[in-house]
Amino acid sequence: MAATPVDDHTQEFEELAGLSALEVLEGDERVRFELHYARCGRCQLMVRHDREALRSLPLTAPEMDPSPDFKARLMQRGAAELAAQHVAEQSSGSRTSAPPTPVSTPDSDPQPRSTADRQPPGLTAAAQQPSGPATDRPPAPDQLVSAPMSPGPADAPIARPPTTDVPPTIQFPPRAGDARTRSTAAGPVRVIPLWRRRPILRTLAAVFVLGLVTVGAYSYENQPVATVELHGDAPGSARVIIRRNGAAELEMRDVPDPGPGFVYEAWIIPQGQQPIAAGVVPTGNARVPLEGDPRGKTVAITREPGRVNAPTSNPLMAGAVQS
Amino acid sequence: VSTPQAPAPELAQLEALYDAHHRQAIGLAYRILNDLGDAEEVVQEVFLSAWRSGHTYNPERGSAQTWLLSMVRNRCIDVIRARRRRPVQPFAEGLDPPDPSDVPAQAASNVDAEAARVALASLPPEQKEVIELAYFGGLSHTEIATQLAAPVGTVKGRIRLGLDRLRTAMGVHQDALSAS
């Protein structure tokens, strides 16, 4: 690596190189140093060598024993992660190749279910339904629309409300809050909401909810979460707007136009690395998306004769974006 | 006759990682955090993180230890800065595994603990102090200046001189710097 300093290299930059290697450089000094560092071979080499020397410093800490149960706790965490990974792999495999697994309740009996449960889904005659006390736990849809079911041990926790006067074709599984029971002379009658009786309404409701969720998620992800002002000698103002999803925009206001044949070019400068071209701004009043994630990096603007891959002039404005 | 079931290979890797480096890692975390509970929490997360990216871990590579300890140090500094509610400057090296082609880094990693202690101890006390406050304390030069009631410029100068001495003491190759 060349160790040639650039013209503006001073002793102060060598001090800042040490702070950069220690990763404690902040604020304007950090911005100033990174802009210099990007062009100065000597500072690049100095930071690299300082880091090499610092890499051995952790070894100077005296060794120490942890708590007696620390290893056990660590291994338990590792085992738990492996188990979770195993379960995830199993479930993804069964989702693609195996038929849907009947839903079981936590307190269900592990015995095999009756052959009736393995029959293809069919409509249930109300009279065949076992009656029993209702529970708070809603049964799975495939368990209720498929039948006949025998009241075996595995089915015991899944109680079904009386359905004597509900035609089989509109027999839907009760879910919390969407079915009520009222009493009539003939006995209790389940009231099924309209949207659950008409498939088209159900579909429309699902689409509506899905749309709301999508729009909500999009809006949330695009919320601005930070604004960073860029500072420099140029008149006007410039700022970087960071959105929650990491997308960023550069907004310039009242900056003089760059002049015929010139543009403003934005740069994202990762710490200790070369500037990366991040977009071109044709005028001094514009908002453009930044190409790249500037979080934890420095953003700078230079005036260039068209889009270039490396800055050819000193930055007009710059600012450090926190991660 | 039943024999005990061998641990899964993955868990065996985690155990090997632990057995090889836990005392050094706990010592470093405690040195920075001064709290055994916090130190163990950090070390646990680092070991699990290193274990998850196990394909990058090679016990025969000398740099694995410094890589692991760098992760411990970085996480500890994060904890310290979070305690101070100060924005955290990203670490350029993050959790990246060591680059086997980085020969100087490999050489530096081979410096054993005793040599590192000797090198650090060879610094003048005022230089050693500022480097330790920055490296193990995560303090900026302005914070160090405040803590020591010394001018900022003095602290910067001491850090620079201290790093120069440390490089020499550690045997870091610096011919190119001397020549220019």
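A:Asp50 is buried, at 0% relative accessibility, where buried means under 20% relative accessible area, exposed over 50% and partly exposed in between (1.4 Å probe, protein chains only). This residue meets B:Arg160 in a salt bridge of 2.9 Å, N to O; a salt bridge is a side-chain nitrogen of Lys or Arg within 4 Å of a carboxyl oxygen of Asp or Glu. The model is predicted: local features need pLDDT of at least 70, side-chain atom pairs count only at pLDDT 80 or more, and totals for chains, interfaces and linings use all residues. Residues are numbered from 1 along each chain as its sequence is written, chains are lettered from A and ligands numbered from 1 in the order in which they are written, and side-chain values use heavy atoms, with hydrogens and water left out.

**Chain A overall**

- Chain A has seven helices and 10 strands; helices (H or I, at least four residues) and strands (E, at least two) are DSSP runs, numbered from the N terminus.
- Of the 323 residues in chain A, 41% are buried.
- The accessible surface of chain A is about 17400 Å², and carbon and sulfur atoms hold 59% of that surface; accessible areas come from the Shrake-Rupley method with a 1.4 Å probe, and for residues only the protein chains shown count as cover.
- Among the contacts in chain A with a separation of 6 or more, 57% are between residues 24 or more positions apart; contact means heavy atoms within 4.5 Å.

**The interface of chain A and chain B**

- In this interface, 53 residues of chain A are in contact with 69 residues of chain B.
- About 6000 Å² is buried between chain A and chain B, with 60% of this area given by carbon and sulfur atoms; buried area is the accessible area (1.4 Å probe) that two parts lose on being put together, summed over both.
- Across the interface there are 19 residue pairs in polar contact, both residues at pLDDT 80 or more. A polar contact is a pair of N or O atoms within 3.5 Å; within protein, one must be able to donate a hydrogen and the other to accept it, and residues adjacent in sequence count only if both atoms are side-chain atoms.
- On the side of chain A that touches chain B, the elements giving two or more residues are α1 (11–21), α2 (27–37), α3 and α4 of chain A.

- B:Arg160 is buried, at 2% relative accessible area.
- B:Glu40 and A:Arg73 form a salt bridge whose closest N and O atoms are 2.8 Å apart. This pair also joins two chains, since B:Glu40 belongs to helix α2 (residues 36–52) of chain B and A:Arg73 to helix α4 (residues 70–97) of chain A.
- B:Glu40 is buried at 5% relative accessibility, whereas A:Arg73 is partly exposed at 32%.
- B:Glu45 and A:Arg77 form a salt bridge as well, with the closest N and O atoms 3.0 Å apart.

**Helix α1 of chain B**

- B:His22 is found in helix α1 (residues 9–33) of chain B and is buried, at 13% relative accessibility.
- The side chain of B:His22 reaches the backbone oxygen of B:Tyr18 at 2.8 Å.
- Leaving aside neighbours within four places in sequence, B:His22 is in contact with A:Met64, A:Asp65, A:Pro66, B:Leu17 and B:Phe47.
- B:Leu14 also has its place in helix α1 of chain B and is buried, with a relative accessible area of 0%.
- Not counting residues up to four places away in sequence, B:Leu14 touches A:Leu74, A:Met75, A:Gly78, B:Phe47, B:Leu48 and B:Trp51.
- B:Leu14 and B:Phe47 are 33 residues apart in sequence, and their C-alpha atoms are 7.4 Å apart in space.

**Salt bridges within chain A**

- A:Glu291 and A:Arg307 meet through their side chains in a salt bridge (2.8 Å, N to O).
- A:Glu291 is partly exposed at 43% relative accessibility, and A:Arg307 is partly exposed at 46%.
- A network of salt bridges links A:Arg239, A:Arg243, A:Glu249, A:Glu251, A:Arg253 and A:Arg287.
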